[in-house]
Amino acid sequence: MAGGRAFRPSAPRRAAFAALLTLLLLAALSFLLSSAPASSARSSPPPSARLAAVRRHAADHAAVLAAYAAHARKLKEASAAQSLSFSSLSSDLSALSARLASHLSASLPEDALRPLEKEARERIKFARALAADAKEGFDTQSKIQKLSDTVFAVGEQLARARRGGRMSSRIAAGSTPKSLHCLAMRLLEARLANPSAFADEPEPSPEFDDPALYHYAVFSDNVLAVSVVVASAARAAADPSRHVFHVVTAPMYLPAFRVWFSRRPPPLGVHVQLLAYSDFPFLNTTNSPVIRQIEGGNRDVALLDYLRFYLPDMFPALRRVVLLEDDVVVQKDLAALWQVDLDGKVNGAVEMCFGGFRRYRKYLNFTQPIVRDRFNPGACAWAYGLNVFDLEAWRRDGCTELFHQYMEMNEDGELWDPTSVLTAGLMSFYGNTKPLDKSWHVMGLGYNPSISPEVIRSAAVIHFNGNMKPWLDVALNQYKALWTKHVDTEMEFLTLCNFGL
């Protein structure tokens with residue numbers, strides 16, 4: 001200014017100048033510190049410390065590679081080379097780690113330690129690279145292995161569930177449903193309430209022994225099922241009066257059968273003979289191999305199953321008999337079966353093999369010499385359900401005696417499952433069975449939901465073999481009406497016993 005007064009900067013300019021000066025001082029200090037020699041605390045570690053660290057790294061990498069090698073051995077054969085490489089390098093690193101430990105304890109000078117340290121670092125670097133290369137592939141294979149293990153575990157659970165389901169179905173099929181038990185009891189009550197109305201032993205009809213008629217044998221303790229077999233066959237027959245049914249049941253159920261067929265006579269003039277297995281004295285001998293083998297089991301069911309092997313003895317006046325199971329429905333006239341040429345064989349049946357399935361090897365134990373010597377494992381198995389038996393050829397070939405021989409041989413259950421009546425038949429009529437056209441007998445309505453309607457319509461007999469019987473709640477709905485339409489719904493006991501028909 002003109003008066004010579006000294007210049008004095010303003011307060012904001014003074015604050016900015018002070019800040020700039022502070023920054024310059026900090027920069028200078030930072031430069032000095034960075035350019036100063038490193039302190040003793042940040043100086044290179046001594047050789048012994050470096051070597052100890054290298055030894056730890058070597059031991060760690062040896063453990064990692066050993067784990068990789070163990071994992072590689074569990075995987076496919078493609079990992080075998082990797083497994084050897086991992087194992088070899090892991091062993092080398094373990095040996096190197098031991099050498100480092102011994103050199104550390106010996107307190108050798110640094111110059112002597114440097115070559116070993118360099119070798120160890122190179123090995124560790126190689127091990128790290130090898131593990132890094134394998135990690136991604138191993139992770140993928142591990143995931144695949146875990147997925148495979150999971151799929152296997154789920155498969156095992158599914159198999160157990162299926163086995164449980166099959167067992168439950170077998171129990172349901174083999175047990176007497178409450179409604180059927182109720183029906184039997186109601187029929188017995190009706191007999192007890194009016195015993196004079198039901199003869200204990202009705203007069204035998206001459207048709208029962210007439211070989212010129214068409215004779216059927218049905219063995220069952222299920223009165224409702226038998227009534228359906230008889231009714232369906234009568235409705236399908238061109239001349240029902242020529243068809244004769246011989247129904248054999250357990251003694252305790254015979255009165256119930258008599259009440260049913262007395263109150264609901266066989267339709268359209270078919271003839272029905274009602275018998276108990278106790279009516280055949282030769283079945284009750286203790287010398288019978290059948291009696292000995294079923295001792296202690298369900299005697300009634302087993303005897304009814306095995307009656308089929310005594311047809312010529314049960315019906316000595318007859319020449320040909322058609323055996324029907326109680327879970328069939330007849331859809332066409334079966335009279336033509338009495339004109340089928342069996343070529344001198346005993347049994348006419350529909351075969352059920354296809355490809356390699358349902359052949360003799362499935363049913364018989366071919367590790368036994370007697371089985372190998374007598375049977376062909378590839379022979380086609382046939383089915384029970386509808387069978388035409390030439391009783392004269394049966395007597396000629398002694399099939400019942402042959403059946404007894406096989407039952408004796410299988411007393412220990414080594415030749416076949418002793419509960420399988422089919423296998424006993426496959427053996428007894430081996431080489432003595434004439435295949436029938438498949439349209440005579442269509443099977444599977446008790447387990448197979450995929451039978452075509454055309455096949456069912458063309459069948460003479462449809463068979464509800466399997467666990468889903470048509471009188472059970474577990475029956476396949478698409479087939480049930482084929483059976484229920486033959487049930488005599490006018491029998492009042494069906495409503496009282498809550499049959500869901």
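Reader: At what angle do α5 and α7 pack?

Author: About 75 degrees. The axes of α5 (residues 178–193) and α7 (residues 254–263) are 8 Å apart. That angle makes α5 roughly perpendicular to α7.

Reader: Why would residues three or four places apart in a helix point the same way?

Author: An α-helix has 3.6 residues a turn, so residues at that spacing point the same way.

Reader: Where is P195?

Author: In the loop between α5 and β1 (214–219). P195 is partly exposed, at 49% relative accessibility. P195 and V259 are 64 residues apart in sequence, yet 10.0 Å apart in space, C-alpha to C-alpha. V259 is one of the α7 residues in the contact with α5.

Reader: Switching to cysteines. How many disulfides does a search of the whole structure find?

Author: Two. One is formed by C182 and C497, with the sulfur atoms 2.1 Å apart. The other joins C353 to C380, S to S 1.8 Å.

Reader: Which parts of the chain does the C182 and C497 pair link?

Author: Distant ones. C182 is in helix α5, and C497 is in the segment after α18 (492–496). They are 315 residues apart.

Reader: What is the torsion about the S-S bond of C182 and C497?

Author: About -75 degrees, so that disulfide is left-handed.

Reader: Is C497 buried or exposed?

Author: C497 is buried, with a relative accessible area of 4%. The cut-off for buried is under 20%.

Reader: Now the other one. What is the angle about the S-S bond of C353 and C380?

Author: It is -105 degrees, and that link is left-handed. C353 sits in the loop between β6 (347–349) and α11 (360–363). C380 sits in the loop between α12 (369–374) and β7 (386–390). So the pair ties together parts 27 residues apart in sequence.

Reader: And C353, buried or exposed?

Author: Buried, at 17% relative accessible area. C380 counts as buried too, at 16%.

Reader: What pattern do the disulfides of the protein chain follow?

Author: 1-4, 2-3, with bonded cysteines counted along the chain.

Reader: What about C399, buried or exposed?

Author: C399 is buried, with a relative accessible area of 3%.

Reader: Over to α17. Which residues are buried there?

Author: Y479, K480, L482, W483 and T484 are buried in that helix, which covers residues 477–484.

Reader: What covers the buried residues of α17?

Author: The cover includes the helices α6 (223–236) and α16 (453–458). It also includes the strands β5 (328–330) and β10 (461–463).

Reader: Last topic, confidence. What is the mean pLDDT of the protein chain?

Author: The mean is 81, and 71% of the residues reach 70 or more. Over residues 25–29 the pLDDT is below 50. Residues 31–43 are also below 50.

Reader: How many contacts does the 25–29 stretch have beyond near neighbours in sequence?

Author: Zero in the model. Where pLDDT is low, the predicted coordinates should not be read in detail.

Notes
Residues numbered from 1 in each chain as written. Predicted model: local features only at pLDDT ≥ 70, side-chain atom pairs only at ≥ 80, totals over all residues. Heavy atoms only, no water. Buried < 20%, exposed > 50% of the residue type's maximum accessible area, 1.4 Å probe, protein only. Helix = DSSP H or I, 4+ residues; strand = E, 2+ residues; numbered from the N terminus. Contact = heavy atoms within 4.5 Å. Axes fitted to C-alpha atoms, helices over the stretch in contact; angles between N-to-C directions. Parallel < 35°, antiparallel > 145°, perpendicular 65-115°, else oblique. pLDDT = per-residue confidence, 0-100. Disulfide = S-S within 2.5 Å.
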